[in-house]
Amino acid sequence: MVKECVSIPVVANGDIRSLHDAESIHQFSRVDGVMAARGMLSNPAMFGCHPTTPVQCIRDWVDLALSIGTPFNCFHHHLAYMAEEVMSKPDRQVLHSLSSTAAVLDYLTQAELNAC
């Protein structure tokens, strides 16, 4: 194991998509930390023991992104990741096709995912 051969902190990275994944890799490797970038994009609430992104988390992201003027590409990209497990494939396809913040907000309102 790498951890046993070095005297610096070691962080595991790669395909951490759930709290269980993070705990398993930590227990197996005894690393000092675990990175979960893609997992956190898909489910920002995963360390709160939520198996999928809670709808309230999506609402919070929309509110935050709008309040700080997040550029559309970033707003849309993060939203698409969060919708991965909570929207049907046809709904995700529509979401991916949208090209403006206004269109996304209209769609989310119709889909009853957003309180805006």
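Me: What makes Arg-38 partly exposed?
Reply: Keep in mind that this is a predicted model. Arg-38 has a relative accessibility of 42%, and partly exposed covers what lies between buried, under 20%, and exposed, over 50%. So 42% puts Arg-38 in the partly exposed class.

Me: And why is Asp-15 called exposed?
Reply: The relative accessible area of Asp-15 is 55%, and the cut-off for exposed is over 50%. Asp-15 therefore counts as exposed.

Me: How do you know that Arg-38 and Asp-15 meet in a salt bridge?
Reply: The N to O distance between their side chains is 3.3 Å. A side-chain nitrogen of Arg has to be within 4 Å of a carboxyl oxygen of Asp, so the pair qualifies. The structure holds one salt bridge.

Me: What does the pair tie together?
Reply: Arg-38 sits in helix α3, while Asp-15 belongs to the loop between β1 (11–12) and α2 (19–29), so the bridge joins parts 23 residues apart in sequence.

Me: Next, the helices. Why are α4 and α5 called roughly antiparallel?
Reply: Helix α4 (residues 55–68) and helix α5 (residues 72–83) pack at about 175°, their axes 11 Å apart. Angles over 145 degrees count as roughly antiparallel, so that is the label for α4 and α5.

Me: Which residues meet there?
Reply: From α4, Cys-57, Ile-58, Trp-61, Val-62 and Ala-65; from α5, Cys-74, Phe-75, His-78, Leu-79 and Met-82. By class, the contact of α4 with α5 has nine nonpolar, one polar and no charged residues.

Me: What makes Trp-61 and Phe-75 a stacked aromatic pair?
Reply: Two checks. Their ring centres are 6.5 Å apart, and the limit is within 6.5 Å, so they pair. The planes are 25° apart, and under 30 degrees counts as stacked, so the pair is stacked. The count comes to one aromatic pair. Trp-61 in helix α4 and Phe-75 in helix α5 are 14 residues apart, and the pair links distant parts of the chain.

Me: How are α5 and α6 oriented, and how do you know?
Reply: α5 and helix α6 (residues 89–97) pack at about 175°, with axes 10 Å apart. With the cut-off at over 145 degrees, α5 is therefore roughly antiparallel to α6. His-76, Leu-79, Ala-80 and Ala-83 in α5 meet Arg-92, Leu-95 and His-96 in α6. By class, this contact has four nonpolar, two polar and one charged residues.

Me: Is Asn-43 buried or exposed, and what makes that the label?
Reply: Asn-43 has 5% relative accessibility, and the buried class is under 20%, so Asn-43 is buried. Asn-43 is in the loop between α3 (37–42) and α4. Leaving aside residues up to four places away in sequence, Asn-43 touches His-50, Pro-51, Thr-52, Thr-53 and Pro-54.

Me: Finally, why is Glu-112 called exposed?
Reply: Glu-112 lies in the segment after α7 (101–110) and has a relative accessible area of 65%. From C-alpha to C-alpha, Glu-112 and Val-55 are 9.6 Å apart in space, although 57 residues apart in sequence.

Notes. Residues are numbered from 1 along each chain as its sequence is written. This is a predicted model: local features need pLDDT of at least 70, side-chain atom pairs count only at pLDDT 80 or more; totals for chains, interfaces and linings use all residues. Side-chain values use heavy atoms; hydrogens and water are left out. Axes are lines fitted to C-alpha atoms, for helices over the stretch in contact, and angles run from 0 to 180 degrees between N-to-C directions. Helices (H or I, at least four residues) and strands (E, at least two) are DSSP runs, numbered from the N terminus. Angles under 35 degrees count as roughly parallel, over 145 as roughly antiparallel, 65 to 115 as roughly perpendicular and the rest as oblique. Contact means heavy atoms within 4.5 Å. Ala, Val, Leu, Ile, Met, Phe, Trp, Tyr, Cys and Pro count as nonpolar, Asp, Glu, Lys and Arg as charged, and the others, Gly among them, as polar. Rings of Phe, Tyr and Trp (its six-membered ring) pair if their centres lie within 6.5 Å; planes under 30 degrees apart count as stacked, over 60 as edge-to-face and the rest as tilted. Buried means under 20% relative accessible area, exposed over 50%, partly exposed in between (1.4 Å probe, protein chains only).
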